[in-house]
Amino acid sequence: MSDNKMPEDSAVSVSTHSQHFMEQLTARNPGEIEFHQAVREVVQSVMPVIRSTPAYQESGILQRLVEPERVITFRVPWIDDQGDVQVNRGFRVEMNSAIGPYKGGLRFHPTVNLGVLKFLAFEQVFKNSLTTLSMGGGKGGSNFDPKGKSDNEVMRFCQSFMTELFRHIGPDVDIPAGDIGVGGREIGYMFGQYKRLANRFVGVLTGKGMEYGGSLMRPEATGYGAVYFAQEMLSTNNDSVKGKTAVISGSGNVAQYTAEKLIELGAKVVTFSDSAGTIVDKNGIDREKLEWVMQLKNVRRGRISEYAEKFKGVEYMPGMKPWTIKCDLAFPSATQNEIELEDAKSLIENGCMCVSEGANMPTSPEGVETFLKAKILYGPGKAANAGGVAVSGLEMAQNRGFLHWPREEVDGRLQQIMHSIHENCVRYGKEGSHVNYVHGANVAGFVKVANAMLQQGVV
Ligand code: NDP
């Protein structure tokens, strides 16, 4: 038996198989705790499908799914404004290309390491599969921190990063996008350097500016999509977001457009946060205040605590997350594992009925368990935040056809995609009268990729 095969005794339970598989994965990838967490959750959902499908076992689908097709790591040297040399580490994890070219964001944040990017790339494979579009999964980034850097420093870093990455990506190969710390500014600098090096004007990145091949609605897509997904979940109870109180974590791209759509649909948004703390505005964050936040975060690159100085009746909770605030709806939109057991309990005790994850894996396993036990509407990130990569896919389609679709068309397609992701989750996740969206998303995402891998042989 090869070192990653499972025991064949059919009497051995699914959970024993899962445990055995995870022991081997952990030993093979020591220290990559976020990757272990992401894989464990998927394995728990898909192991029954694998055990009942001999072809999946015979062709080692699961063993191949957890091994990236390629991992690239590289040095990123750049010179800061003082003239000193700085060295960061760059990565691209090309996880799985069974259903299309690698697609997934770039994250620039000091916490970036291989384990974090492998978890994100792994999640991306299933998420991209759910979108119904032809995109494989990848993720990349650097431990570079754009916070506090001048525009020139960010540009020099992005150019150096792309000087290595450009030889590994391309519109048919691997198409990166933004993620934490990578927005329109960074995508612009990286696109410019790619074009210069490759001497080709092609759609090699998504999230581009409107003037050079970007899609309308891409900036909005992840946040809007998370709200559309919440609407889909609520509609199963003949309910909607209208009139509900919502808490949001983060104050970046996803958080801002989640708030915009919630406000438009008549919900009351009461929080934003960043890594330093949370603001609570009991009066509700309206369009004008949101516009101010967008200026603060995207132009002045300030801190969310300034909101409490600017507007009356706002509480700033330093070092705190928003999960103790009473709400009907919660939209975690900052980072992984930001909802831990106590946070999940507090949300449930305070009456939260629906959690739609804009961020990737924002809830710890114990938190997920708490939501599932409480049988609230819980939409995991790989389903609820798939709107971002879906519109990236639409940006790629427009680039291929030299087209520029109107906003209504992109938004209509986004809504349709979120609807079909929801339907697919219900199809695979129905447990009596309740829908287990975690299970539904994992199995629905898995089946398409696994079948494509089967047909392509052992590669
Ligand atoms: P941004 O960089 O625009 O914003 C990130 C926000 O999260 C900031 O407010 C940041 O605060 C906060 N944050 C980041 N790290 C931490 C941390 N360790 N603890 C507390 N707060 C933190 O990123 P996005 O809005 O693009 O991404 C947010 C999440 O959504 C991520 O999980 C990302 O993977 C996910 N996502 C994003 C997509 C997209 O299209 N952009 C698509 C799908 C998922 P601070 O400024 O203090 O760092």
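Student: At what angle do the axes of helix α6 and helix α7 cross?

Tutor: Two packed helices are described by the angle between their axes and the distance between the axes. In this predicted model, helix α6 (residues 151-165) and helix α7 (residues 184-198) have axes that cross at roughly 45° and come within 8 Å.

Student: Which residues of α6 and α7 make the contact?

Tutor: On the α6 side, look for Asp151, Val154, Met155, Cys158, Gln159, Phe161, Met162 and Thr163. From α7 come Arg185, Glu186, Tyr189, Met190, Gln193, Tyr194 and Leu197. Sorted by class, the residues of this contact of α6 with α7 are 9 nonpolar, 3 polar and 3 charged.

Student: Which residues of α8 and α9 meet?

Tutor: Pro219, Glu220, Thr222, Gly223, Tyr224, Val227 and Tyr228 belong to α8. They meet Asn253, Val254, Tyr257, Thr258, Glu260, Lys261, Leu262 and Glu264 of α9. By class, the contact of α8 with α9 has 7 nonpolar, 4 polar and 4 charged residues.

Student: Now the ligand. How many residues surround the ligand, and which are the closest?

Tutor: There are 24 residues around the ligand, and the closest are Lys147, Asp179, Thr222, Ser275 and Arg303.

Student: Where do polar atoms of threonine 222, serine 251 and asparagine 253 lie relative to the ligand?

Tutor: Start with threonine 222: a polar atom of its side chain is 2.7 Å from an oxygen atom of the ligand. For serine 251, a polar backbone atom lies 2.9 Å from a ligand oxygen atom. Asparagine 253 likewise has a polar backbone atom 2.9 Å from an oxygen atom of the ligand.

Student: One last pair, then. At what angle do α15 and α16 pack?

Tutor: Helix α15 (residues 387-400) and helix α16 (residues 407-429) pack at about 135°, with 10 Å between their axes. The two helices are therefore oblique to each other, and their crossing is right-handed. Gly387, Ala390, Val391, Leu394 and Gln398 of α15 make the contact with Val410, Arg413, Leu414, Ile417 and Met418 of α16. This contact of α15 with α16 counts 7 nonpolar, 2 polar and 1 charged residues.

Terms used. Residues are numbered from 1 along each chain as its sequence is written. This is a predicted model: local features need pLDDT of at least 70, side-chain atom pairs count only at pLDDT 80 or more; totals for chains, interfaces and linings use all residues. Side-chain values use heavy atoms; hydrogens and water are left out. Axes are lines fitted to C-alpha atoms, for helices over the stretch in contact, and angles run from 0 to 180 degrees between N-to-C directions. Helices (H or I, at least four residues) and strands (E, at least two) are DSSP runs, numbered from the N terminus. Angles under 35 degrees count as roughly parallel, over 145 as roughly antiparallel, 65 to 115 as roughly perpendicular and the rest as oblique. A crossing is left-handed if the near helix is turned anticlockwise from the far one by less than a right angle, and right-handed if clockwise. Contact means heavy atoms within 4.5 Å. Ala, Val, Leu, Ile, Met, Phe, Trp, Tyr, Cys and Pro count as nonpolar, Asp, Glu, Lys and Arg as charged, and the others, Gly among them, as polar. A residue is near a molecule or strand if one of its heavy atoms lies within 4 Å of it. A polar contact is a pair of N or O atoms within 3.5 Å; within protein, one must be able to donate a hydrogen and the other to accept it, and residues adjacent in sequence count only if both atoms are side-chain atoms.
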